[in-house]
Amino acid sequence: MKVIKDNHLNEIKKIVQTGRVLTDESDRYSYSFDGSFGTFLPDVVIQTKSIQELAELVKLANREGIPVYPRGQATSLSGGPLPVHGGMVFDLSVMNDVLKIDEEDLVAIVSPGVLTASIHKAAEEKGLMYPPDPSSSHVSTIGGNLAENSGGPRGLKYGVTKDYVIGLEVITPEGEIIQTGGKTVKNVTGYDLTKLIVGSEGTLGIITKAILRLIPKPPATASLMAEFLNLVDAGRAISKILSSGILPSKMELMDRASIVAVENYQPMGLPIDAEAILLLELDGHPLALKDEVVKAEQLCMSVGANKVKIPKNNHEKDEIWKARKLVSPAIVRIKPTKISEDATVPRSRIPDMCERLQQIKEKYQIHLVVFGHAGDGNLHPNIICDKNDEDEMSRVEKAVAEIFTAAIELGGTLSGEHGIGTMKAPFMEMELGKAGLDMMKRIKEAWDPNHIMNPGKIFPEPGQKLELK
């Protein structure tokens, strides 16, 4: 990859007439990191709302072999926007002007810098719902969600981001502006480029607009919390409920370490003697929900639940879900570094994955906390550590590698919603096989022959290993 020279900077400044070109080292350092690991300094940062200016910049980059790194709010946990080869960072968070709800066609039209939570709010004001709800939705941009194919607690019932994207506007690696899909829910014209681009982590182009499918908001919700004296029993309860015909909108798991951390952080009367708690949210018609809550309670008790709590009012319901939201801020008080993984297994293998995680925790003597979207097998094992402790980080690296291996061996996947980025790239062949990974590389080569679009992501570079130190 080429280093940006003075003549390149002069051309960049000529192209960017409506935005900003940031070259000061202090500004560039602000764009050198994300929510994962590693610091990489870009040569220049561009902020512009003009799609035409961005397209011209991409043409320059493609001609000169300069890396281009699209970036939203940099909440990525996998290294998605890191400028690992320098080059140009495009700050797309400034492109936040378009947020239109079309009630007749049941779609939202959005620009990439719009916060996901803003889409939720705008849709709900019209009695509609945009289902994907990543935990970072109050700070993450929809462009980042599209790039990583984000999920969230509601993924169990409603699916992930790609299930709600029906059209895109994209700048190709050659600087062309193309449209994929449209406003129609049914569209089988040619290859589905929309689905190919969503989840491609910025390696195939830059998303500048999206058309998102909306659904009517369910009329009512109900919740319950089940306590278990054994983590594996909680895993069995998940499988039992899902095979009974009940499909919760959310199904979240908290192990004992996360329960204790939350209770120490903000006392709420959580059962600190329990090995796990299972949180369920059901949505639909109020009469149907009454029956489903009773049935879910019975199923939990049948596989060893110690106690099931059904909130009597909205306040009690909010308290249950508040506990889940407090896990992340609570556990980082224990140690300063949090490694959040999202290896995912089939629902039937959740109890097996729970057992494997307990074995890994004991083998490497690490502080492993398990919480997350248990209903879809996305257990979110989090390791709490101190990145300044080299001995601990060496054990953590081995543990993370073993978590990935366990997920693959159980028929699962490296990532349920965080993406591959830089962190999981070394493990891609383990899941896809040599031929499968090669097919992806050939698609990348066809789209981006000069390898300028977010290089260093998804595909492992020779000798690349997981490094957290």
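Reader: Which residue in β10 does Val110 stand opposite?

Author: Val110 stands opposite Ala210. Please keep in mind that the model is a predicted one.

Reader: What makes β6 and β10 a pair of strands?

Author: Two strands count as paired if there are at least two bridges between them. Strand β6 (residues 107–110) and strand β10 (residues 206–213) have 4 bridges, in the antiparallel sense, so they pass the rule.

Reader: Why are β5 and β9 called edge strands?

Author: The open sheet has 5 strands in the order β5-β6-β10-β8-β9, paired antiparallel. Strands β5 (99–102) and β9 (177–181) each pair on one side only. From one strand to the next, the twist averages 15°. Helix α4 (residues 116–124) packs on this sheet and touches β5, β6 and β10, with its direction at about 35° to that of β5.

Reader: How do you know that Glu11 and Arg63 form a salt bridge?

Author: The rule asks for a side-chain nitrogen of Lys or Arg within 4 Å of a carboxyl oxygen of Asp or Glu. For Glu11 and Arg63 the closest N and O atoms are 3.0 Å apart, so the pair qualifies. Glu11 lies in helix α1 (residues 6–15) and Arg63 in helix α3 (residues 51–64), so the bridge ties together parts that are 52 residues apart in sequence. Glu11 and Arg63 also belong to a network of salt bridges with Glu64. By this rule the count comes to 19 salt bridges.

Reader: What ties Lys424 to Glu341, and are the two buried or exposed?

Author: A salt bridge does, with the closest N and O atoms 3.7 Å apart. Lys424 sits in the loop between α14 (390–409) and α15, and Glu341 in the loop between β16 (337–340) and α13 (350–364), so parts 83 residues apart in sequence are tied together. Both Lys424 and Glu341 are buried.

Reader: Why is Asp438 called partly exposed?

Author: Partly exposed covers what lies between under 20% (buried) and over 50% (exposed). Asp438 has 36% relative accessibility, so it counts as partly exposed. Asp438 forms a salt bridge with Arg442, the closest N and O atoms being 3.6 Å apart. Both lie in helix α15, 4 residues apart, about one turn of the helix.

Note on methods
Residues numbered from 1 in each chain as written. Predicted model: local features only at pLDDT ≥ 70, side-chain atom pairs only at ≥ 80, totals over all residues. Heavy atoms only, no water. Helix = DSSP H or I, 4+ residues; strand = E, 2+ residues; numbered from the N terminus. Buried < 20%, exposed > 50% of the residue type's maximum accessible area, 1.4 Å probe, protein only. Axes fitted to C-alpha atoms, helices over the stretch in contact; angles between N-to-C directions. Contact = heavy atoms within 4.5 Å.
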